[in-house]
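Subject: Handing over a structure, with notes

Dear colleague,

I am passing on a structure for you to look at, and I would be glad if you read the notes with the model open beside them.

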Amino acid sequence: RYSDGVQTKLEVSTPEQPQTLAVSGVTETSQTQGLRAPSPLNTKAANQVEISVAPTALLQTKEAVSYLLKYPYNCLEQQMSKLLPAVGAAQLITDFKWASEQQLRTTAQTILETLPTYQHLSGGYGYWPAGRPDVYVTSYALEVAWLAKQAGYKVPTASIEKAINWLQGAFAEQTVRAYPYTLQETDTARAYSAYVLARYGKNVDSLFNTLYAKRTGLSQEAIAYLLEEAYLSKRSQSIQQTLAQQLRNK
């Protein structure tokens, strides 16, 4: 007939999610930044404000560079993506001491030396050694190799020449390729290859003119490649402005 129990009060607080805000600015003297408390604010929570300052927003890039240089996967597209920042942003990376210049050059040169292992007998590059050649990854590898050579790296010239020859005929019906492309993907790949071949001083007038004639149906990526090719090949200002305007319209 008897019972016992304990009654007590429990205070329930809604967990607060931290709010993060990044601001930037330039000043030669001082700059004031206002701070407003979130509303509604749980006054019983352990509220705090943490402020960190840095001379540049690029400091956040350090971990990304470290991850990139240690990236373990060996697909050719991934290898070229590891190589590209080492070539294009080497000065930035060494200035901020994210990696040593020697480490960068060693990594980049090692990747360049493996390029022929991804080459199909036909001359194109595949995503993996002994794989079928692909237009996109061949163009990408050739573009990065060109940039690397300009930066003073030693590139496998014979392999690159074979890849260039393959890319020039890659859209012929009988050419063996790794993957089927849609019509729009094909035109985008053609525009990319035109830009890359122009980097190597090849005449791509016919290919460029064909794509330029149907520019209104091309992807934004394809238009960007055509604009780069038009600049490299010193095509008329009218053509360059037309392509640039098409990009701006979007």
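This is a predicted model: local features need pLDDT of at least 70, side-chain atom pairs count only at pLDDT 80 or more; totals for chains, interfaces and linings use all residues.

Residues are numbered from 1 along each chain as its sequence is written, and side-chain values use heavy atoms, with hydrogens and water left out.

The whole protein

The secondary structure comes to 10 helices and 0 strands, where helices (H or I, at least four residues) and strands (E, at least two) are DSSP runs, numbered from the N terminus. The radius of gyration is 27 Å, well over the 18 Å that the globule rule gives for 250 residues, so the protein is more spread out than a compact globule; here the radius is taken over C-alpha atoms, and the rule is 2.2 Å times the number of residues to the power 0.38. Along the principal axes, the C-alpha atoms fill a box of roughly 90 × 50 × 50 Å. Buried residues make up 33% of the 250 residues, with buried meaning under 20% relative accessible area, exposed over 50%, and partly exposed in between (1.4 Å probe, protein chains only). Of the contacts with a separation of 6 or more, 63% are accounted for by residues 24 or more positions apart, a contact being heavy atoms within 4.5 Å.

Helices α2 and α5

The axes of helix α2 (residues 76–88) and helix α5 (residues 135–150) come within 10 Å and cross at roughly 25°; such axes are lines fitted to C-alpha atoms, for helices over the stretch in contact, and angles run from 0 to 180 degrees between N-to-C directions. That angle makes α2 roughly parallel to α5, since angles under 35 degrees count as roughly parallel, over 145 as roughly antiparallel, 65 to 115 as roughly perpendicular and the rest as oblique. The crossing of α2 past α5 is left-handed, a term used if the near helix is turned anticlockwise from the far one by less than a right angle, with right-handed used if it is clockwise. On the α2 side, L76, E77, M80, S81, L83, L84 and V87 meet Y136, V137, Y140, A141, V144, L147 and A148 of α5. By class, this contact of α2 with α5 has 12 nonpolar, 1 polar and 1 charged residues, where Ala, Val, Leu, Ile, Met, Phe, Trp, Tyr, Cys and Pro count as nonpolar, Asp, Glu, Lys and Arg as charged, and the others, Gly among them, as polar.

G88 is also found in helix α2, and at 69% relative accessibility it counts as exposed. G88 and A151 are 63 residues apart in sequence, yet 8.2 Å apart in space, C-alpha to C-alpha.

Helix α9 and its partners

Helix α7 (residues 183–199) packs with α9 at an angle of about 20°, with their axes 8 Å apart, and that makes α7 roughly parallel to α9. The residues of this contact of α7 with α9 divide into 9 nonpolar, 1 polar and 5 charged.

A222 has its place in helix α9, and at 0% relative accessibility it counts as buried. Leaving aside its neighbours within four places in sequence, A222 is in contact with D187, T188 and A191.

The axes of helix α8 (residues 205–213) and helix α9 (residues 220–232) come within 11 Å and cross at roughly 135°, which makes α8 oblique to α9. This contact is made by F208, L211 and Y212 of α8 and L226, E229 and A230 of α9.

Two loop residues

K97, in the loop between α3 (90–95) and α4 (101–113), has a positive phi of about 60° although it is not a glycine, and at 70% relative accessibility K97 counts as exposed. A130, in the loop between α4 and α5, likewise has a positive phi in a residue other than glycine, near 70°, and at 79% relative accessibility A130 counts as exposed.
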